[in-house]
Number of protein chains: 2
Amino acid sequence: MDERAALSLVGDTLPHAGDDCAVFDDLVLTTDMLHETTDFPDGVTRYTAGWRAVGASLSDVAAMGAEADAALAVYAAPRFEAAELGAFIEGCVDVCEAVDAAYVGGDLDGHEEFTVSTTAVGRTDAPVYRSGAEPGDAVCVTGTFGRSGAALRLFEAGETDRANDLFRFEPRVAAGLALAPYATAMMDSSDGLARSLHQLAEASGCGMAVTYADVPVDPAVEAVAASPTERRELGVHFGEDFELVCTVPEAALSEAKTSTAVELTRIGTVTDEGVRMDDDPLEDRGFTH
Amino acid sequence: MDERAALSLVGDTLPHAGDDCAVFDDLVLTTDMLHETTDFPDGVTRYTAGWRAVGASLSDVAAMGAEADAALAVYAAPRFEAAELGAFIEGCVDVCEAVDAAYVGGDLDGHEEFTVSTTAVGRTDAPVYRSGAEPGDAVCVTGTFGRSGAALRLFEAGETDRANDLFRFEPRVAAGLALAPYATAMMDSSDGLARSLHQLAEASGCGMAVTYADVPVDPAVEAVAASPTERRELGVHFGEDFELVCTVPEAALSEAKTSTAVELTRIGTVTDEGVRMDDDPLEDRGFTH
């Protein structure tokens, strides 16, 4: 059974699961685990690791249109070096401060591979799910795509300072809160834009038609992509950018755009069925964790 | 730096950390990670693993005297087998139901070693910390000690059914809620009774004098312990029993006892300094995770 089939089994068993966060009363809750071999390439500092791991969970809170309250992390490593652990915690604290949340601690654990497990908790009375998109709604995204893919190329090239900068992102909590009154469906783009569009379409029982030229590809991608194919791969499929992908009724679009400090870009329209980019079927393929 | 020194560094950095749960507004939050090699001996079923992992986090909520609201888990394994994953989730759901909490899901993650990360969230307006014990208070414990140690011996002996039964425990959420109005300090016994007494004494700036004969050692220990030394080791040091250890003012003791459905046993008295058992210094040694 692959991870997707297993997740579907989990979804069938647990009524609360399946969105970016689980919802319980007025709380939204999310947890995730990251590993050195799959999630932290050579050159990632412990500061960036803390920032990014906690940021990924805060991004899930943002995707529900919720206020971020608090985050926790388990730091598992073969040994505990004061400088590394201190830097990690500093990254956790700073990313929480960036979104007005509190980093409240967590646990330490001896483990062969550097592994981080994070949890974030937020609150909202009106969570935005993946399932409310309606045909005719505008498909919108925050920020730019391909930062993390570009960062990975820079890590490979040994340009670790610039790569670490790109690897830290501001979770879109403020944008999520601003968009919540307008968005009919929302999620974060952690598995890539293409996967996100497919997941929103599936959860909402509709289709999506988007235009590649309208996808805001990050300038960092232009600098590292060796070909148009690679540019598209990093911008559309690579993922791990933690931007918001949402649908907004046409009539509310200009108000939604002015509500957010971060750029909100329309990249397409919700349709009855099928996920297409420039009239071609868009492959349901992204970053597999 | 060992885990204890590292935890102390974390405590210095994070004002909210250091107790069984972090406290944020009216929420108590806790997270933990368990690994196959260190926490799940051969013979532990996936059902027991789910029950025990989520139960350990719910026990932290209980130790704050809080109501348990919801729990999450990350299930990380080399591959996902439907039967194993289904049994794991069933264990998570059942232990939550046992304490009136909701298991709201979590995440899956590909990982070489079977690893589980759990989070629990609870609510209380008046959390009980480790730091309020006063000289003269009665030192009390819920339930019995040594179950997990006895279970480990049974796993080693291949008696897996009985061992799995012992390895599942009911988190003391109801007892924690009942004791909260009386307890001056409280924590769970996950690191063993001896470590818990030292941690309460340290946090409260006091001492503890307890009587070994009053420690309620589990009948399962009597059945597996080959010697009086082993009985004491399993009952006092081994840990992982997830009982509550608390201090209660003498005057409130009989009311506290009748408030809890589970047996509350007095094992000693809070003193000015030093942690002693039968007048000998009690070694600050327990289960190291």
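## Strands and rings: worked exercises

In S11(B), B:Met277 is the bridge partner of B:Val210. This is a predicted model: local features need pLDDT of at least 70, side-chain atom pairs count only at pLDDT 80 or more, and totals for chains, interfaces and linings use all residues. Residues are numbered from 1 along each chain as its sequence is written, chains are lettered from A and ligands numbered from 1 in the order in which they are written, and side-chain values use heavy atoms, with hydrogens and water left out.

**Exercise 1.** Find the sense in which S8(B) pairs with strand S11 of chain B.

*Solution.* Strands are DSSP runs (E, at least two residues), numbered from the N terminus; helices are H or I runs of at least four. Two strands pair if DSSP finds at least two bridges between them. S8(B) and S11 (residues 275–277) have three bridges, in the parallel sense.

**Exercise 2.** Find how S8 of chain B runs relative to S10 of chain B.

*Solution.* Four bridges join S8 (residues 207–210) to S10 (residues 264–271). The two run antiparallel. B:Ala209 stands opposite B:Thr269 in S10(B).

**Exercise 3.** Classify the aromatic pair of B:Phe155 and B:Phe167.

*Solution.* Rings of Phe, Tyr and Trp (its six-membered ring) pair if their centres lie within 6.5 Å; planes under 30 degrees apart count as stacked, over 60 as edge-to-face and the rest as tilted. Here the centres are 5.1 Å apart and the planes make 75°, so the pair is edge-to-face. B:Phe155 is in helix H5 (residues 147–156) of chain B. B:Phe167 is in helix H6 (residues 160–167) of chain B, twelve residues apart from B:Phe155.
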